[in-house]
Amino acid sequence: MKKKLLIILTIIISAKFTFAQTQNLVKGTIKRSDGTPVARATIKIRGTLKSVSADDNGQFSINVNQEPPFYLQISSVGFKPQDFQILKFQEAPLDFGLIENDQLDQIVVTSRRRSEVLQDVPIPITVIGGQAAENAGAFNVNRLKELVPSVQLYASNARNTTLNIRGLGSTFGLTNDGIDPGVGFYVDGVYQARPAATSTDFIDIDQIEVIRGPQGTLFGKNTTAGAFNITTKKPSLVPSGKVELGFGNYNFIQAKTSITGGLAKNLAARLSISGTQRDGTIYNTKEERNYSGQNNLGFKGQLYYTPSDKISLLLSSDVSVQHPSGYPLVIAGVATTERSAYRQYAQILTDLGYSQPKVDPFSREINTNTPWKHNQSIGGLSLNVDYKIGNGTLTSTTAWRFWNWDPTNDRDFSELSALTKSQGNSRHDQYSQEVRYAGNINDKLSGVIGLFALAQNLKGLDQTEEVGKDQWRFVQTSSTGTQALYSTPGLLDGYGIKTNSAIKSLSAAVFAQVDWEFLDHFHVLPGIRFTYDQKNVDYSRTTYGGLQTADANLIALKKAVYSNQQFNTNVNNNNLSGNITVAYKPTDKVNAYGTFSTAYKPVGVNVGGLPTTSTGEADLSLAVVKPEYVKHYEVGIKTKPVKGAIFNLSIFNTDITDYQTNVQSPQLGVNRGYLANAEKVNVKGFEVDGTYQYERSFTLNAAVAYLDGKYEKFTNAPLPLEETGHTEIINGVSTQIAFKDASGGALPGISKWNFSGGAEYSIKGKLSTKEGRYFLASDVSYRSTYSSNPTPSNVLKINGYSLLNARFGFKSDKFSLFIWSRNLGNAKYFEQLQAAAGNSGLYAGVLGDPRTFGVTFRYNF
């Protein structure tokens with residue numbers, strides 16, 4: 001009996017041990033989105049070192065020495081790593097689905113304030129994943145213009161940035177703080193008002209959506225030309241991290257790190273740091289130092305609290321500090337104007353005792369005598385709350401952002417002491433609040449409704465322009481009479497202006513859009529928006545320095561160069577706009593749509609100095625710039641013609657009344673640009689984009705944009721550089737004119753033909769003992785000739801250029817290592833040309849980067 005009992009007890013204990021072992025075993029199959037198995041995927045228990053590999057059929061089993069809940073991290077090269085929560089043990093095998101990294105037709109976007117598959121959205125959108133942007137060398141938004149043909153971004157420095165979509169959005173050239181951008185720039189739902197935000201390094205980017213066309217019924221701020229909707233990676237309760245190091249020529253060093261994990265129950269955190277350092281690519285022979293380098297440091301911290309499955313709170317903070325070595329312009333050429341020989345640049349230099357500088361911009365050398373500096377800090381705080389109510393989500397986004405700008409520029413672009421100093425010191429604070437509800441009302445009706453408010457305080461702090469001992473010859477019109485007194489020793493030495501300005505603005509809006517499937521596969525999407533804008537301006541400009549004298553003639557000559565200006569302006573207006581889209585989606589392979597929309601960009605104010613009247617007083621009629629009014633028409637189709645392929649086409653026409661443009665007058669006393677309205681502008685064109693993916697070994701993408709942008713009517717445009725000094729017979733008298741009719745002329749910054757394309761080929765392989773894939777990738781972009789001046793000019797015109805980039809390396813689920821090169825062909829090109837102040841014939845340019853190359857290493861843990 002004892003023996004039998006012992007045998008029974010042994011069986012019971014063995015059964016219990018076997019049962020326990022079975023209960024601690026997780027079995028499953030790893031599959032693609034189409035249901036086929038993923039071979040050799042890695043399965044790891046989060047927070048431990050225990051991991052296994054799936055077999056060739058995607059099947060695996062793993063023993064777990066802990067109680068649920070816990071997470072399995074599943075990863076495989078070419079797929080997005082995913083975490084799966086195991087709530088209980090079960091005997092039946094589980095299915096785990098992975099999504100291919102490059103499966104573009106399954107990309108999820110939030111452009112309509114809810115998660116949707118990209119190809120199902122009846123809006124022209126380009127999506128660039130964060131990893132893809134980094135692989136392509138996109139440190140900031142500037143690189144995206146080479147990946148998205150419809151995007152134009154031009155910058156002589158962070159403040160003077162033009163960000164346009166389809167050639168519309170912001171004024172081209174010198175930035176005037178009194179005008180709102182027409183392209184919305186959002187990061188995690190927070191609108192960022194200053195264009196300088198585009199210069200900061202990407203940190204923890206998840207994906208970038210480039211949305212084209214007016215979107216005022218979906219986004220809080222006016223978006224007359226489109227929007228950038230950038231999302232960053234959220235914190236995770238599951239511990240993980242990433243380290244990236246990059247090295248290249250010009251002593252390029254870039255380091256990024258990100259770590260995330262749980263701090264407490266339902267509370268996760270993420271900390272990210274990015275630093276970039278690069279020597280300058282332009283050499284100042286006078287100072288014997290390099291310019292146009294990078295020195296960036298960025299931080300981002302997030303707390304993510306999910307007390308229940310209905311509510312989540314994301315608290316974010318970020319700051320970016322940039323102390324580059326300055327971004328100088330190089331002398332690009334000297335044009336002959338229609339002024340007298342006495343006022344041509346060559347004659348001016350001869351009279352001053354200088355030799356005309358050798359014009360060789362692509363030697364990448366300058367000889368300016370004022371140091372270039374473009375220091376800035378930018379950052380802020382935001383709180384995003386999502387609360388699920390019914391079939392939708394109520395979202396509140398509260399944010400504060402700041403921008404500090406501390407520059408120094410040499411605006412005569414030479415060793416002359418003419419326009420020696422230009423410092424547009426600025427401080428900007430913005431406060432925004434958006435509340436919206438988005439979701440499904442029933443299975444046929446969905447939509448979004450929201451409220452938005454933005455308050456801004458933008459201050460110009462002792463903004464300085466100063467001339468030197470050589471300026472007298474640039475402003476002197478003849479060597480006789482009163483004009484001869486300009487040569488009075490010391491008259492203009494150190495003479496300048498200090499400007500203090502403040503713009504306090506308020507923008508408030510209510511917006512809504514619905515999506516109604518009124519018949520099977522037919523959708524109608526009406527939207528409406530009401531906007532109120534108010535701007536209060538206090539502008540004060542005072543002169544200083546120069547020869548102190550009581551001589552009325554000398555005082556008059558000084559005032560012709562700079563004079564005191566002071567004005568206050570309070571202005572407000574409101575607007576009702578909207579859109580309607582009709583979409584037809586007969587199958588999951590075809591989505592056709594047509595859109596008509598109206599849009600609006602608010603009233604502008606001039607805070608860059610005003611032109612003077614014939615009496616020498618500021619022309620206050622130009623203090624306020626009328627709002628823009630937009631009518632936009634578009635038809636498009638999104639298709640998936642064959643497996644792995646996408647082909648999209650859109651055709652559009654945009655008309656703008658009272659287009660806000662930046663001009664520069666040849667009149668004395670106006671050294672910088674000011675704002676004005678062109679009566680009517682039209683931009684029309686088409687866009688084609690396509691992608692093809694063959695299994696995991698080959699991907700191909702290409703996009704073409706044709707843009708035809710012109711002034712339908714601009715009767716009071718400034719003269720182009722080469723026509724400065726133009727005279728006409730008026731009432732029998734030869735009279736010099738300052739303006740012309742530019743109707744029919746091309747809009748600045750728009751290339752008629754724009755192309756981008758790329759390809760990647762990869763094969764399985766091993767690096768040491770690590771399994772992964774070797775890859776070879778390249779991308780190319782092309783832009784045809786475009787105007788670089790508000791009024792079309794034969795001189796200030798950028799020739800078309802192409803850029804080729806390439807990379808080669810190895811990637812696995814844990815790490816990647818690759819070499820890269822940008823501008824592999826070392827193309828020599830300008831991004832922008834602009835006339836020097838005074839319009840004597842000199843013009844300067846912003847050079848594109850030369851060939852750069854390096855190596856990048858990434859490791860995920």
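User: Before we count anything, what counts as a helix or a strand here?

Analyst: Helices are DSSP runs of H or I with at least four residues, and strands are E runs of at least two. This is a predicted model, and on that basis its chain has 5 helices and 53 strands.

User: What does the radius of gyration say about the overall build?

Analyst: The idea is to set the value against what a globule rule gives for the chain length. Here the radius of gyration is 30 Å, close to the rule's 29 Å for 861 residues, so the chain is as compact as a globular protein of that length. The C-alpha atoms fill a box of roughly 135 × 60 × 45 Å along the principal axes.

User: And how much of the chain is buried?

Analyst: Buried means under 20% relative accessible area. By that cut-off, 54% of the 861 residues are buried.

User: Let's zoom in on a helix. Which residues of H3 are buried?

Analyst: In H3, residues 345-352, they're Tyr-345, Ile-348, Leu-349 and Leu-352. Look down the axis of H3 and those buried residues fall within an arc of 95°, so they line one face of the helix.

User: What do the buried residues of H3 pack against?

Analyst: Their partners are strand S24 (330-334), helix H4 (471-475) and strand S52 (842-847).

Methods:
Residues are numbered from 1 along each chain as its sequence is written. This is a predicted model: local features need pLDDT of at least 70, side-chain atom pairs count only at pLDDT 80 or more; totals for chains, interfaces and linings use all residues. Side-chain values use heavy atoms; hydrogens and water are left out. Buried means under 20% relative accessible area, exposed over 50%, partly exposed in between (1.4 Å probe, protein chains only). The arc is that of the directions from the helix axis to the C-beta atoms. Contact means heavy atoms within 4.5 Å. The radius of gyration is taken over C-alpha atoms; the globule rule is 2.2 Å times the number of residues to the power 0.38.
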